[in-house]
There are 2 protein chains.
Amino acid sequence: MNLDLVLASIRPDREEQATIDRVVRELTSRISDILKRDGIKAEPRLVGSVSKGTHLKDADIDIFIVFSREYREWEMESMGLRVGHEVLPEGQEKYAEHPYVSGRYLGRKVDIVPCYQIPPGTSIISSVDRTPLHTEYVKDHITDVQRDEVRLLKAFMKTAGVYGSEVKVSGFSGYVCELLVLNFGTFMETIRYFSTLTGPLTIPEDRELLSQFDAPAVIIDPTDPGRNAGAAISLESLSKMKMLSKIFLSSPSEKFFSMVQPEGEIFGGSRDSTFALFTLPRPDEIDDVIYPQAVRLRNILMGLLSREGFLPIDSEVLVNERVQILVECERGTLPRIKVHEGPPVDSKNAMDFYAKWKGRRRLRGPYIRGNRLYVDVERSEVGLEEVVRNGLRQYNIGAHLNRLRDSLEIIITAEPDSGMEIFRKYLSRQIWP
Amino acid sequence: MNLDLVLASIRPDREEQATIDRVVRELTSRISDILKRDGIKAEPRLVGSVSKGTHLKDADIDIFIVFSREYREWEMESMGLRVGHEVLPEGQEKYAEHPYVSGRYLGRKVDIVPCYQIPPGTSIISSVDRTPLHTEYVKDHITDVQRDEVRLLKAFMKTAGVYGSEVKVSGFSGYVCELLVLNFGTFMETIRYFSTLTGPLTIPEDRELLSQFDAPAVIIDPTDPGRNAGAAISLESLSKMKMLSKIFLSSPSEKFFSMVQPEGEIFGGSRDSTFALFTLPRPDEIDDVIYPQAVRLRNILMGLLSREGFLPIDSEVLVNERVQILVECERGTLPRIKVHEGPPVDSKNAMDFYAKWKGRRRLRGPYIRGNRLYVDVERSEVGLEEVVRNGLRQYNIGAHLNRLRDSLEIIITAEPDSGMEIFRKYLSRQIWP
């Protein structure tokens, strides 16, 4: 394996870089002119990976318009959008923490994002406002060689499916990749670190940070020591990096940098289980709003199915035109009998329990086991769908999904449908490669 | 409810008592004569409930032959048996801690039991040898009224199915009943105590005894303060006494003294579960030897069925001409898929697990969940019978049952067979009355 060859395949070539440079030059100049023309106290600033020289092929170009703090938020946002639309006439409005304009210029994807000017150390208004500080910090500290080391790490993480801080991925952001390389020096040293790491990740190495932040990965933001730049990283993403680093070191290969997560083989064989597919229409919201609610619903479903005795095995969440949750269970039907645990015989309500059940329809009891009362009762609902529909009533499944609750569709099947992406994702799950 | 009427029904009438007195008089006199004739240093002694006047109708008569300590054990035993056979020519040999002769005289059941003479406080040779001391202690402390209070308590416990210290019952011995009445004064006070007791029973009331004895019930033996006279009492027997005392106080009735455990109604209704009946030929041993092994086998089976995923609900043990164990499970067949948990990703053997399963037949994985590796494997055995036969191989199920292991019969059925006692016992289980 030759890392220089890998680099050549992931780094923009001369031609691409020339286009990027022209886009940046022309757009910042046009924005400056508009701001001057309209007397707005603001200035354009190239931020993100392109400005730091850590970008991969086909990277987005992020140009921020940094406004004076004297403007109100609505003023800043409306001026920002107006300028954005003027330079990118085909652009569309999107929303992160402030609204912004996203479009194309000379074929490249460009975001024009308004934000406030903030000096380092100031209490932060939003995380978008923090981006220019991150950009400055990395530019001030990174060496030319390290820019390529960051590119290798990003490509490795992208292939592993752990690149990105959005909820859907819950992985490592570009800024985190840069901080890792700044800390460990090179890509290989970073990989060696992950391969031998046990337990949580802390940078700087200081276990006391864990009590302060309570996260699987703590990476102190050098522009704001009270902030964990790795807050988005899930335990599972961290575990994937640990495992893939070991595998890479034991058999290094170019395929770890392919930049696309390979479609895994779909496992066959009779699982002899029950799949329950829960789907809802997709609310008109961005992924980062929907995903946490979908995950919350998944957790509620797993808890409910487990408590009721369907023995859930594993699950998958997918959000596209619908919110989809797949749960595999050991069984789709419960036995009629259910052992209902009563109070200890020496508790105050032992007699009440005894008297109540003596007069009720039951399958057996009340009887004593150990120091407790029990009664065998007959379940009224034994099918997965009816138990879930009934059980879900008592839960708040999130603002946007609550409204769609009545549209919940449930498909129960023993045969996984490999025509559906969520089944393919579920049945191909294995550690790549 | 009139306790005097109850007493009249459970206490021997004049005629029965006259017979008992005659049996005791004639047998002790004949035994004395034989001992004198043969120059044996021993004397007959009436012990047990008859001697203490706490006996119920149809009580056994226990006559011990108390030998001088100068005899060796085999001498004492052979002389004891010889005398027993001479006075009860039709008697049969039985075995407790020493062998003894059991037979009938004037229609009454009589046991002639050899034991050693021991002064109070001596280190004990066997619990049989202790019996005369218990008899003396109770006779010295009990009042005439209290003899009847003991009878009420015994009848109550017999009806509740908790009278007797044999393993099968694991309940309250006659001596314990006497100690309870000596401690609380009357039957009703004893019942009131049980009805309000929370947690373990300790007499005298001293929670520190619990650390010394580690048992649900600690009743210090006044003839040997280092011994727990209530050691045989199981948590379940204690719980039954607590619960039945509450029920009795809330609706007192003569039926609590019927002396036979009422055959409960057999519950119907579809349980929709799987019954597994395990049976073995009965080894040629007494109940107190077989029962602990049967209970041990039951516990092994419950553990095995639970670990393997059959979801056992409850069980029943019955020893008659066969050793029988009934287990009800939520299911009798497992799904093919089994999630096999691997090591944490940051453990030494993570790579071994990964490499091993990458090369093996599997249903999915290895994959990561949280910080661990998992793989979905295919079970080779999914039926209850095959899983149990395979799983049992690694267990020691007790000296006598081990030898019979190959004779283990397993019947799997969804339909309980109410022609069999063990199913009736299981399906009628409820707190009487």
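1. A:Asp62 touches A:Arg45, A:Leu46, A:Val47, A:Gly48 and A:Asp111, leaving out residues up to four places away in sequence; contact means heavy atoms within 4.5 Å. A:Asp62 lies in strand β2 (residues 61-67) of chain A. Helices (H or I, at least four residues) and strands (E, at least two) are DSSP runs, numbered from the N terminus. With a relative accessible area of 22%, A:Asp62 is partly exposed. Here buried means under 20% relative accessible area, exposed over 50%, and partly exposed in between (1.4 Å probe, protein chains only).

2. On sources: this is a predicted model, in which local features need pLDDT of at least 70 and side-chain atom pairs count only at pLDDT 80 or more, while totals for chains, interfaces and linings use all residues. Residues are numbered from 1 along each chain as its sequence is written, chains are lettered from A and ligands numbered from 1 in the order in which they are written, and side-chain values use heavy atoms, with hydrogens and water left out.

3. UniProt, in an unreviewed entry, places the feature "binding site" at A:Asp60, A:Asp62 and A:Asp111. These residues are spread over 52 residues of sequence, yet they cluster in space, with a largest C-alpha distance of 7.4 Å. UniProt positions are given in the numbering used here, feature names are shortened, and annotations may be inferred rather than shown by experiment.

4. A:Asp111 belongs to strand β5 (residues 108-116) of chain A. Is A:Asp111 buried or exposed? A:Asp111 is buried, at a relative accessible area of 9%. Apart from residues up to four places away in sequence, its contacts include A:Asp60, A:Asp62 and A:Tyr100.

5. The same feature name, "binding site", is also placed by UniProt (unreviewed entry) at A:Ser49, A:Lys52, A:His134, A:Lys154 and A:Tyr163. A:Lys52 is in helix α3 (residues 48-52) of chain A and is buried, with a relative accessible area of 6%. A:Lys154 is in helix α6 of chain A and is buried, with a relative accessible area of 2%.

6. Setting aside neighbours within four places in sequence, A:Lys154 is in contact with residues including A:Ser49, A:Tyr163 and A:Glu178. A:Glu178 is also one of the residues that A:Lys52 touches, beyond those up to four places away in sequence.

7. Helix α10 (residues 235-250) of chain A has 16 residues and reaches 23 Å from its first C-alpha to its last, close to the 22 Å expected at 1.5 Å a residue; the expected span is 1.5 Å times one less than the number of residues. Its buried residues include A:Leu238, A:Met241 and A:Phe248. What do the buried residues of α10(A) pack against? They pack against α6 (144-160), α8 (187-196) and β6 (201-203) of chain A, together with α12 (350-358), β13 (364-369) and β14 (372-378) of chain B.

8. In chain B, B:Arg282 sits in the loop between β9 (274-281) and α11 (287-308). B:Arg282 is partly exposed, with a relative accessible area of 29%. B:Arg282 and B:Glu321 are 39 residues apart in sequence and 5.7 Å apart in space, C-alpha to C-alpha.

9. For chain A as a whole, there are 15 helices and 15 strands. Buried residues make up 52% of its 433 residues.
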